[in-house]
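Me: I have just opened this one and would like a guided walk through it. Could you take me through the main points?

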Amino acid sequence: MKRARIIGTGSYLPEKILTNHDLEQTLDTSDSWIVTRTGIRERRIAAEGENTSDLAAKAGAKALEMAGVKPDEVDLIVVGTITGDFPWPATACMVQQKLGCSNAFAFDLSAACSGFVYALTTAGKYLESGTAKRALVIGAEVISRILDWEDRNTCVLFGDAAGAVVLEAQEGESGLLSSHLHSDGKYWDLLYQPGFGAVHPPTSQAMEERLQYLKMQGSEVFKVAVRMLSEVAQEALAAHDLSSEAIKLFIPHQANMRILEATAKRVGFAPEQVYINVDRLGNTSGATIPVALDEANRLGMLNEGDLILLDAFGGGFTWGASLVRW
Ligand code: UT7
């Protein structure tokens with residue numbers, strides 16, 4: 001059976017670092033509140049004129065370089081994002097142009113913070129079915145542009161980044177073993193961007209009501225996130241009759257240190273099995289998992305045959321876990 005194997009990873013972080021102390025200058029907040037409640041110390045912010053497709057293309061180029069795959073050998077590009085360059089066309093098309101992937105078909109996928117796991121799963125199906133041989137899968141966000149910088153409940157939590165993987169259809173035991181995806185639309189308004197879609201077009205009244213910015217009911221999201229992240233991680237382990245000890249590295253969505261720790265504890269992961277970078281990057285939405293995967297890969301933490309569990313949760317609500325053999 002053909003599997004979608006990860007043969008290259010890449011990530012890109014904007015240069016500008018915004019620390020909690022920087023936020024203290026403009027907002028009624030404190031480093032100690034943010035660190036205690038979230039574990040976040042700093043985050044990256046894209047420069048003016050630096051857009052999601054720029055971050056995505058830079059991460060994608062690094063992944064292609066590691067994989068030794070030329071741009072014209074890519075058949076498919078999927079970008080998981082909720083902060084694309086434009087409402088449409090797809091940011092994936094701009095990435096295709098920037099990288100010169102002239103033979104690829106390209107589309108975006110909207111699943112908020114679960115965007116990368118959804119995109120990886122979708123691309124994996126094209127490879128398993130033989131529709132495509134090589135895919136570039138990217139999670140990329142410039143979420144700083146949809147944050148209300150006057151709302152301390154949300155703006156301290158997020159940051160900008162992009163991460164990418166190159167998938168190749170290969171025979172053998174390594175690759176994407178399974179994905180377990182879920183959604184529950186009854187929670188859609190706990191975490192969303194009210195403007196400017198069909199419901200709230202860009203009128204001056206909508207701007208006055210600040211509808212262009214992300215809205216979140218944090219404590220409600222928190223409770224559901226921990227439950228769903230742990231349940232779907234357990235579902236992935238159970239599907240392969242595995243215990244938590246079998247996993248070399250658990251890469252959960254990096255939203256909040258307390259969510260990560262609570263999830264890891266419920267599923268039974270030891271601290272050394274869990275990859276964490278939320279302290280340095282904050283919540284980069286669809287980019288958290290591929291950035292973490294690339295960092296772990298480049299640190300030499302992953303060896304052939306290792307089992308890696310990716311675990312995502314985001315607006316929608318959407319959530320899902322993917323089990324990968326390296
Ligand atoms: O990617 C998935 C999406 N996002 C998430 O997973 C985030 C999920 N939620 C969370 O991470 C947490 O709920 C938060 C970090 C957002 C908030 O933590 P919490 O422990 O749930 O705090 P809270 O919402 O209960 O707020 C406690 C207090 C409030 O003050 P009052 O009403 O008790 O006086 C807030 O106004 O903390 C206040 N507060 C702040 N204070 C200083 C909220 N944000 C800040 C801030 N600085 N930045």
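Reply: What follows goes from the overall fold to the ligand, and then to some individual residues.

Me: What kind of model is this, and how are residues numbered?
Reply: This is a predicted model, in which local features need pLDDT of at least 70 and side-chain atom pairs count only at pLDDT 80 or more, while totals for chains, interfaces and linings use all residues. Residues are numbered from 1 along each chain as its sequence is written, and side-chain values use heavy atoms, with hydrogens and water left out.

Me: OK, how many helices and strands does the protein have?
Reply: The secondary structure comes to 11 helices and 13 strands, where helices (H or I, at least four residues) and strands (E, at least two) are DSSP runs numbered from the N terminus.

Me: And what radius of gyration does it have?
Reply: The protein has a radius of gyration of 19 Å, which agrees with the value near 20 Å that a compact globule of 326 residues would have. That radius is taken over C-alpha atoms, and the globule rule is 2.2 Å times the number of residues to the power 0.38. Along the principal axes, the C-alpha atoms fill a box of roughly 55 × 45 × 35 Å.

Me: How much of the protein is buried?
Reply: Buried residues make up 57% of the 326 residues; buried means under 20% relative accessible area, exposed means over 50%, and partly exposed is in between (1.4 Å probe, protein chains only).

Me: Let's switch to the ligand. Which residues are closest to it?
Reply: The closest are T29, R37, H253, N256 and N283, out of 22 residues that surround the ligand; a residue is near a molecule if one of its heavy atoms lies within 4 Å of it.

Me: Where does the ligand lie relative to the two domains?
Reply: The ligand lies between them, because domain 1 (2-171) and domain 2 (177-325) both give residues to the shell around it. The domain bounds come from an automatic or database domain assignment.

Me: Which helices supply that shell?
Reply: At least two residues each come from α2 (31-38), α6 (152-155), α8 (218-239) and α9 (257-267), and α8 gives the largest share, with 4 residues.

Me: What about the shell by class?
Reply: The shell has 10 nonpolar, 8 polar and 4 charged residues. Here Ala, Val, Leu, Ile, Met, Phe, Trp, Tyr, Cys and Pro count as nonpolar, Asp, Glu, Lys and Arg as charged, and the others, Gly among them, as polar.

Me: Is A112 buried or exposed?
Reply: A112 is buried, with a relative accessible area of 12%. This residue lies in the loop between β5 (105-109) and α5 (115-129), and its phi is near 50 degrees, a positive value in a residue other than glycine.

Me: And what is phi for R210?
Reply: Phi of R210 is near 60 degrees, again positive in a residue other than glycine, and at 27% relative accessibility R210 counts as partly exposed.

Me: Last one, why is α11 called largely enclosed?
Reply: Helix α11 (residues 288-298) is largely enclosed by the rest of the structure because 10 of its 11 residues are buried, including T288, L293 and N297. Just after α11, G300 takes a positive phi of about 75 degrees.
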